[in-house]
Amino acid sequence: MLSSKGVDYAFILKRYDVEAENQNTPESIAKKMLPSDAVFKACAEDVLYMRFKDIAGTVNKALESKDPLAIINEGLVVGMEIVSTLYAQNIYYLPEIMLAAKTMEMGIAVAEKKIPGGRQTKGVAVMHAAEGDPHDIGKNIAVVMMRANGYTVVDLGRDVPVDEVVASVVKEKPFLVTGTALMTTTMSAFPAIAEKMKAKGITIPFMSAGGAVNREYSESFELGIYSEKAPQTPPIADKIIAGYDWKKIKAEWDNIVGGN
């Protein structure tokens, strides 16, 4: 008969999964991602820890020694990138995302005043939640991440009629349109928008996202591309700005979003 004498049950009963989760704290993840420069690090930490009352003072102090655009890109945006990582790992949630984004935007507003002509945008994107769909949390997070990555976003909100989306595209001339749907009854608006865009000679990518859609559906109509989760939106947008059309995005989607 086997004997249990001398067995160390600490190893048998040890929950390695729980231990790993406990090691993934905002501080431990931030340590690997924060800028080494002390000035940029202070700006990034204010965003990371949502210190909206401190951010203006931190940025003003940073402006004494750093270029305003560098403060935005190497400090504030880096802080938001860490927040995005924490969100992807289910350490931060929507309240932290929105408060960190507000902190970043406050810091950017201070730095932008010192940039001659203002901060240059990478491009304009029109984003919305589908007609009939009141759920816009995913869209709001994607909007935050797009703005953090230097894009101008025309946020149409939720429950947006098809014709209103198309009219906005005609007016704003964006490089990308996105729609989110959490209800299967509302996702049919997306191919309808794409068809109306095509009828007007507009062939920019239309990105579908949200719990109701999947990649197969998103790519089933012309102009359609897919984003599975909010952090994938900026890298896809970067490729479009670099010259990718909707067909090339579809073909290289796995490589583009790998790791996001």
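Author: Let's start with the lining of the largest pocket: H8 gives the largest share of it, five residues. Keep in mind that this is a predicted model. Helix H8 spans 137–148, and at least two lining residues each also come from strand S3 (176–180) and strand S4 (206–209). In total, 22 residues line the pocket, and those nearest its centre are Ile137, Gly138, Lys139, Gly210 and Gly211. Sorted by class, the lining has 10 nonpolar, eight polar and four charged residues. As for volume, the pocket comes to about 410 Å³.

Next, the nonpolar side of things. The largest nonpolar core holds 81 residues, and the ones touching the most other members are Val59, Leu76, Met80, Met146, Leu176 and Ile236. Helix H6 (residues 68–88) brings the largest share of this core, 10 residues. Take Ile236 from that list: leaving out residues up to four places away in sequence, Ile236 touches Met207, Ile225, Tyr226, Ser227, Ile249, Trp253, Ile256 and Val257.

One last stop is Pro35, which sits in the loop between helix H3 (26–33) and helix H4 (38–48). Beyond residues up to four places away in sequence, Pro35 touches Phe40, Lys41, Ala44, Glu74 and Val78. Gly79 is 44 residues from Pro35 in sequence, yet their C-alpha atoms are 8.9 Å apart in space.

Key:
Residues numbered from 1 in each chain as written. Predicted model: local features only at pLDDT ≥ 70, side-chain atom pairs only at ≥ 80, totals over all residues. Heavy atoms only, no water. Helix = DSSP H or I, 4+ residues; strand = E, 2+ residues; numbered from the N terminus. Contact = heavy atoms within 4.5 Å. 1 Å grid on protein atoms, 1.4 Å probe; cavity = no way out; pocket = protein on both sides within 12 Å on 5 of 7 lines; lining within 4 Å. Points joined across faces, edges and corners; volume = space filled by probe spheres on them. Nonpolar A, V, L, I, M, F, W, Y, C, P; charged D, E, K, R; others polar. Core = buried A, V, L, I, M, F, W, Y, C linked by side-chain atoms within 4.5 Å. Buried < 20%, exposed > 50% of the residue type's maximum accessible area, 1.4 Å probe, protein only.
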